[in-house]
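Subject: Structure handover

Hello,

Here is the structure I promised to pass on. My notes follow below it.

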Amino acid sequence: MTSPSARRVLTGITTSGTPHLGNYVGAIRPAVRASRQPGVQSFYFLADYHALIKCDDPARVQRSTLEIAASWLAAGLDPEHVTFYRQSDIPEIPELTWLLTCVTGKGLLNRAHAYKAMLDKNAAAGADPDSDVTAGLFMYPVLMAADILMFKAHQVPVGRDQIQHIEMARDIAASFNHLYGEHLVPPEALIDDHVALLPGLDGRKMSKSYDNVIALFGPREQLRRQIMSIVTDSRAPGEPKDTEGSALYQIYRAFADDAEAADFARAFADGIGWGDAKQRLFERIDAEMGPMRERYQHLMAHPGEVETLLRRGADKARALATPLMRELRQAVGLRALDAQVVAVRGGDQAKVGLPSFKQYREPDGRFYFKLTGVGGQVLLQSRGFESPRDAGQAVKRLQTEGGAALAALADRLEPVADTVSPDLADALQALQIAQQG
Ligand code: TRP
């Protein structure tokens, strides 16, 4: 296990399509590289519950799940090193979705872009505003928040279209924490502006909706055929060609290092024929994809191997999800009726009825927190902080350092009695243990 201080990065891929070369360059390859960085704990999952929102073809959901899993594995994702799992193998996710649903304002969901786009489309067509809008589509952001918050992800690499969803996950985490104490970690979107947007065969962005994609792991001959069909201008061999605005060149650029790219640009200036240029592009892509294609084809022919890897990933994921869900059930009051609702000293029972921090803002505009015991008594009250971040940092110190942080933070807290009360000492100790657990 990686240390608890490692940065956690998590992302999901909806299993409703077949990955193409644009997905590889824009998402799969950068994610596989990022997963190898030291100090990062990565979570990648197949968002098959999300797929059901837009796809009602069972065979396609199953097929896409296999294709996407095999693509990521073939591209070098190491399931020993990262946590790679299928969303629907984690029953805690729909369970958390419900708890989050109960703290999410309907107004927040009304503002989601994808939902609003449907309403606009219906209005434009003169249809009922809710026509074709399922409750699943409406709830999409809450399910996504559960995906992220379940694993306390700090950063979520996503496309720009998903930024709003990450912001909603932050809002939902804040609502939950405000009501029940600091249990959830607000995530941040991670947008990589360096990854290439791959043009498709016709020069527009590569996208299935434009029908201009290059298949990711199709047969070698198909790759050749597709590359030969990239649209070019009518310049003849011998005429100098522009790299600027050339889809052919841009696709090459996404696979080449700087020296190779410079070499290719020189060939353009020297008037390379389009047929030869396409042949060079084909060879360059095939050099990178060839070995992966073999692994992909093997996995597609042996779906049981992929299934086994995903089950193992689910075990790893559930080792985190199960205790968090137990903690959250306690926090909201879904408790065994005979459970003693007391702060306990260590061991597994420290999870039963933990004292909790609450952060809030007062009309003076400043940010405060208090620590409340399991019986509801206030054990510690802060003074006002300038920013929620400052308040959060003080909370974090108390959680990780326990009673030792009290002296250091003395001037940020309302005075506690000269000798720290046993209740406060116990509470801080229980929180410290829970943090380490
Ligand atoms: N909504 C994401 C997409 O369509 C997929 C997704 C589902 C996701 N759950 C997630 C991405 C959690 C990041 C984190 O691209």
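How many disulfides does a search of the whole structure find? The search finds zero, where a disulfide is a pair of cysteine sulfur atoms within 2.5 Å. Cys55 is buried because its relative accessibility is 6%, and Cys102 is exposed because its relative accessibility is 51%. Buried means under 20% relative accessible area, exposed over 50%, and partly exposed in between, with a 1.4 Å probe and protein chains only.

Before the rest, the ground rules. This is a predicted model, in which local features need pLDDT of at least 70 and side-chain atom pairs count only at pLDDT 80 or more, while totals for chains, interfaces and linings use all residues. Residues are numbered from 1 along each chain as its sequence is written, and side-chain values use heavy atoms, with hydrogens and water left out.

Overall layout

The protein chain has 437 residues, of which 46% count as buried. It holds 16 helices and eight strands; these are DSSP runs numbered from the N terminus, helices being H or I with at least four residues and strands E with at least two. Along the principal axes, the C-alpha atoms fill a box of roughly 90 × 50 × 50 Å. The chain is divided into domain 1 (7–193 + 300–329), domain 2 (208–290) and domain 3 (337–436), with bounds from an automatic or database domain assignment. Taken over C-alpha atoms, the centres of domain 2 and domain 3 are separated by 60 Å.

A contact across the sequence involves Pro79 and Leu309: they are 230 residues apart in sequence, yet 7.2 Å apart in space, C-alpha to C-alpha. Pro79 sits in the loop between α3 (58–74) and β3 (83–86). Its relative accessible area is 23%, so Pro79 is partly exposed.

Ligand site

There are 14 residues around the ligand, and Gly12, Tyr140, Met144, Asp147 and Gln162 come nearest; a residue counts as near if one of its heavy atoms lies within 4 Å of the molecule.

Elements giving two or more residues to the shell around the ligand are β1 (7–14), β2 (40–47) and α7 (135–150). By type, the shell divides into eight nonpolar, five polar and one charged residue. Here Ala, Val, Leu, Ile, Met, Phe, Trp, Tyr, Cys and Pro count as nonpolar, Asp, Glu, Lys and Arg as charged, and the others, Gly among them, as polar.

Backbone

Which value does phi of Asp132 take? Phi is near 65 degrees, a positive value in a residue other than glycine. Asp132 is in the loop between α6 (113–124) and α7, and counts as exposed because its relative accessibility is 67%. Asp211 has phi near 55 degrees, also a positive value in a residue other than glycine. Asp211 lies in the loop between β5 (188–190) and α9 (220–228). With a relative accessible area of 71%, Asp211 is exposed.

Regards
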